[in-house]
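Please look over the sequence and the model shown here, and then read the notes on its strands, its ligand and its aromatic rings.

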Amino acid sequence: MTDAARPTAPETRFATRQVQAAYTPGTAQNTAVPPLYQSAAYEFASLAEARDLFALRKVGNIYSRNASPTQQLLEERVALLEGGVSAVAVASGQAAVAVTILALAGRGGHVVAADRLYGGTVDLLQDTLDDFGISVTFVDQDDPDAWRAATHERTRLFFAESVANPVAQVLDVRAVADVAHAAGVPLVIDSTVTTPYLQRPGEHGADFVVHSATKYLSGHGGSLGGVAVDLGTFDFGADPGRWPQFTAQADRFGPQSLWERFGQGYAFATLVKAKYVHDLGPSLSPFNAHQILQGIETLDLRVARQSASALRIARALAAHPGVAAVHHPGLADNPWHDLAARYLPNGTPAVFSIDLASRGDEDEDQERVERFVDGLRIVRLVANIGDARSLVAHPASMTHSHLTAAQRAAAGIGATTIRLSIGIEDPDDLLADLERSLAAL
Ligand SMILES: *Cc1c(COP(=O)(O)O)cnc(C)c1O
């Protein structure tokens, strides 16, 4: 059916959007599934058209480092699922975090960040961006006063995760957003662990959302990717002197500022694409964009199953004598249980951790952790989360091995802490596998 013959799409709900949003068959082939445009570059109709495209006077495809049609469909779909205005899809979650911070912080900017962040984000902020003059202060994410106290005149953004891992702390998004807005800066939420199915941070005051699409958005563990979404809520024009990257004219973008030309909800994505992705090159391959789109079609089905299975497994393990603690916000005695009830009404994430019971002897603990992890037959030892497969990791040996024991303790990670990312397998099989390995200790 051509666009002209198709009735206007009605307003749709989440599960319909994740399958259909932003794609209407309308190519010569009318493919039902969005096509994969695997092309590095695009042909211009004329030199005049090429000139308009290069000058950003006309929107269209030039070269896939900047944008490609399959990538754009992914961007529109994720923006719609988040309730946002525009999005940028890039090669990895790490790239999405990096270009977002670069675009918002600007030269000499300062970031106030939660103390419980993905390790790659910590490395980026305290090492690589610091080398280039963007500074960071890490704060206790549960203490709004700490966020306020860390803010100064060069602060340009707040950064936190909706639910951190491995210990699954739930952020009070509204409280942190209020402090950010009082300071005149946006709140960026890394919502990788929650996905737009479990939480839409924009409904709680966040201004930008980033995802590692490698995780739940894909869900198959087959492709790296990342997305940054502009929720369209932050007004860079309210204090133009603070945001020259948006409000001042720059020769490469023509006679008007990005703010004048593209406005609220679009200036950020334009700056990220036309400057940071263009200059630094972390572009998403069309093939990966296509794989991520395929994954998103089943997002709510997978996450609902994973969330329910994880809660069931967490409850069973909490009653197991071989387990000293279960860090899962769905459990009534968890410190973040009330925040989970408020911010995660569709369910708690499927990433959580357990502490194996310790006998107080370091070597023996290490040996028990090894026997437990190596004894698993269904749950796989993999440094990833959000896969269809259930995965286990030992943070002290793997993701958090470069931290000191004191830093790990501050992050709630002990020698016997084990992270689980529950997949879509039968939960009885998963529980039996975990219990079998615990019994062998
Ligand atoms: C994995 C992850 C990232 C980085 O994403 P990649 O796709 O691996 O580059 C960022 N934030 C969180 C919370 C993650 O889990």
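Strand 11 (residues 391-393) and strand 12 (residues 417-421) pair in the antiparallel sense over three bridges, where strands are DSSP runs of E with at least two residues, helices are runs of H or I with at least four, both numbered from the N terminus, and two strands pair if DSSP finds at least two bridges between them. This is a predicted model, in which local features need pLDDT of at least 70 and side-chain atom pairs count only at pLDDT 80 or more, while totals for chains, interfaces and linings use all residues. Residues are numbered from 1 along each chain as its sequence is written, and side-chain values use heavy atoms, with hydrogens and water left out.

- An open sheet of five strands runs in the order 8-9-12-11-10, with mixed pairing.
- Strand 8 (323-327) and strand 10 (380-381) stand at the edges of this sheet with a single partner strand each, so one side of each is left without a neighbour in the sheet.
- Elsewhere, strand 2 (residues 110-114) pairs with strand 3 (residues 135-139) in the parallel sense over five bridges, and Val-111 stands opposite Val-136 in strand 3.
- Strand 2 is mostly covered, as five of its five residues are buried, where buried means under 20% relative accessible area, exposed means over 50% and partly exposed lies in between, with a 1.4 Å probe and protein chains only.

**The ligand site**

- The ligand is surrounded by 13 residues, and the closest are Gln-94, Asp-190, Ser-212, Thr-214 and Lys-215, counting residues with a heavy atom within 4 Å.
- A backbone N or O atom of Gln-94 lies 2.8 Å from an oxygen atom of the ligand, and a polar side-chain atom of Lys-215 lies 2.7 Å from an oxygen atom of the ligand.
- An N or O atom in the side chain of Asp-190 is 2.7 Å from a nitrogen atom of the ligand.
- Of the 380 Å² of accessible area that the ligand has on its own, the protein covers 93%, with areas from the Shrake-Rupley method and a 1.4 Å probe.

**Aromatic rings and charges**

- Ten aromatic pairs are found in a search of the whole structure; rings of Phe, Tyr and Trp (its six-membered ring) pair if their centres lie within 6.5 Å, and planes under 30 degrees apart count as stacked, over 60 as edge-to-face and the rest as tilted.
- Phe-44 and Phe-54 form an edge-to-face pair, 6.1 Å centre to centre with 65 degrees between the planes.
- Phe-44 lies in the loop between helix 1 (14-20) and helix 2 (47-54) and Phe-54 lies in helix 2, so the pair ties together parts that are ten residues apart in sequence.
- Phe-44 counts as partly exposed at 26% relative accessibility, whereas Phe-54 counts as exposed at 56%.
- The rings of Phe-208 and Phe-236 have centres 6.3 Å apart and planes at 40 degrees, so this pair is tilted.
- Arg-156 lies over the face of Trp-243, at 5.9 Å from the ring centre, and the charged end of Lys-215 sits over the ring of Tyr-118, 5.2 Å from its centre; a charge sits over a ring if NZ of Lys or CZ of Arg is within 6 Å of the ring centre and within 35 degrees of the ring normal.

Technical notes:
A polar contact is a pair of N or O atoms within 3.5 Å; within protein, one must be able to donate a hydrogen and the other to accept it, and residues adjacent in sequence count only if both atoms are side-chain atoms.
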